[in-house]
Amino acid sequence: MITLRPANERGHANHGWLDSWHSFSFAGYHDPHHVHWGPLRVINEDRVQAGQGFGTHPHQDMEIISYVLDGALAHRDSMGNGATIVPGEVQRMSAGTGITHSEYNHDQQGTTHFLQIWIIPSVRGIKPGYEQKAYPEAEKRGRLRLVASPDGSDGSVTIHQDARMYAGLFDAGESATLDLAQGRLAYVFVARGKAVVNGHAVSAGDALLFADESRVEVEQGTGAELLAFDLPRLQ
């Protein structure tokens, strides 16, 4: 079964300094049909205005991934990490027993466009952790490149859940297939452009929810950047 989640059916909040689209229930947006998909709990598509950002705030027992599409996102946390995330990089923060952090767009002119992704961990109360890695465009061109996994395989960042996140760029005749083990779920989010995924024409902001399917098939991309998640079912 494959279910389309159209971009315009997501939750939306415009705070002036922040324009955010919620694929799952978040803050003041609640949709009982879209609370999580397996352990995938949040995909917020955020646009942060110039010179603005998220002040210091707490998290606990959550795997948080930041994926920048345009601009830059300055990060600082209570573990002592300070970094700037740019397109092509993936940041993973394991909140564990508790952390605080802030995120800002320090550019005084351009907007920062990024995806904030939360994955429910399989273990609670762990020591907080941080990781940030770059994945060149060539590694994602015409394929689904593993960027997050439970064991850090293939140079991916390590998350505390039996879930895998892939990123891919697709144009023209480029295509890729992701095989799914029996009983697994999958979720495909189109970050930009358009493509055909398992026969479904999808474009920026759209998502597809997979259950009891054997593979994800991506083709016919036009400026497409996609994220694909291979996920367990929650018990």
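Predicted model: local features only at pLDDT ≥ 70, side-chain atom pairs only at ≥ 80, totals over all residues.
1. Residues are numbered from 1 along each chain as its sequence is written, and side-chain values use heavy atoms, with hydrogens and water left out.

2. The largest pocket holds about 230 Å³ of space. A pocket here is an open set of points on a 1 Å grid over the protein atoms alone, with protein on both sides within 12 Å along at least five of seven lines, whereas a cavity is a set of points where a 1.4 Å probe fits but cannot get out; lining residues have an atom within 4 Å of a point. Grid points are joined across faces, edges and corners, and a volume is the space filled by probe spheres set on the points. Of the 19 residues that line the largest pocket, L18, F26, A27, N44 and F54 are the closest to its centre. Two or more lining residues come from each of strand 2 (11–14), strand 3, strand 4, strand 5 (53–59) and strand 11; strands (E, at least two residues) and helices (H or I, at least four) are DSSP runs, numbered from the N terminus. The lining of the largest pocket divides into 8 nonpolar, 9 polar and 2 charged residues, where Ala, Val, Leu, Ile, Met, Phe, Trp, Tyr, Cys and Pro count as nonpolar, Asp, Glu, Lys and Arg as charged, and the others, Gly among them, as polar.

3. A27 is found in the loop between strand 3 and strand 4. A27 has a positive phi of about 50° although it is not a glycine, and A27 is exposed, with a relative accessible area of 74%; buried means under 20% relative accessible area, exposed over 50%, and partly exposed in between (1.4 Å probe, protein chains only). A positive phi, near 50°, also occurs at Q220, again a residue other than glycine, and Q220 has its place in strand 20.

4. The whole structure contains 5 aromatic pairs. Rings of Phe, Tyr and Trp (its six-membered ring) pair if their centres lie within 6.5 Å, and planes under 30 degrees apart count as stacked, over 60 as edge-to-face and the rest as tilted. F26 and W118 form an edge-to-face pair, 5.4 Å centre to centre with 75° between the planes. Because F26 lies in the loop between strand 3 (18–22) and strand 4 (40–48) and W118 lies in strand 11 (residues 112–119), the pair ties together parts that are 92 residues apart in sequence. F26 is partly exposed, with a relative accessible area of 21%, whereas W118 is buried, with a value of 15%.

5. Y187 and F229 make another edge-to-face aromatic pair, with 6.5 Å from centre to centre and 65° between the planes. This pair links distant parts of the chain, Y187 in strand 17 (residues 185–197) and F229 in strand 20 (residues 215–231), 42 residues apart, and both Y187 and F229 are buried. Elsewhere, ring pairs link W17, F54 and F114 into a cluster.

6. The search of the whole structure for cavities of 30 Å³ or more finds 1. The largest cavity has a volume of about 30 Å³ and is lined by H57, H59, I64, H101, E103, Q116 and W118. At least two residues of this lining come from each of strand 5, strand 10 (99–104) and strand 11, and the lining comprises 2 nonpolar, 4 polar and 1 charged residues.

7. Strand 13 (residues 145–149) is largely enclosed by the rest of the structure, because 5 of its 5 residues are buried. Two strands pair if DSSP finds at least two bridges between them. Strand 13 pairs with strand 15 (residues 164–170) in the antiparallel sense over 3 bridges, with R145 opposite A167 in strand 15. Strand 13 and strand 14 (residues 157–158) run parallel and are joined by 2 bridges, and here S149 stands opposite T158 in strand 14.

8. In a regular strand the side chains alternate between the two faces of the sheet. Strand 16 pairs with strand 20 in the antiparallel sense over 4 bridges, and L178 has V216 as its bridge partner in strand 20.
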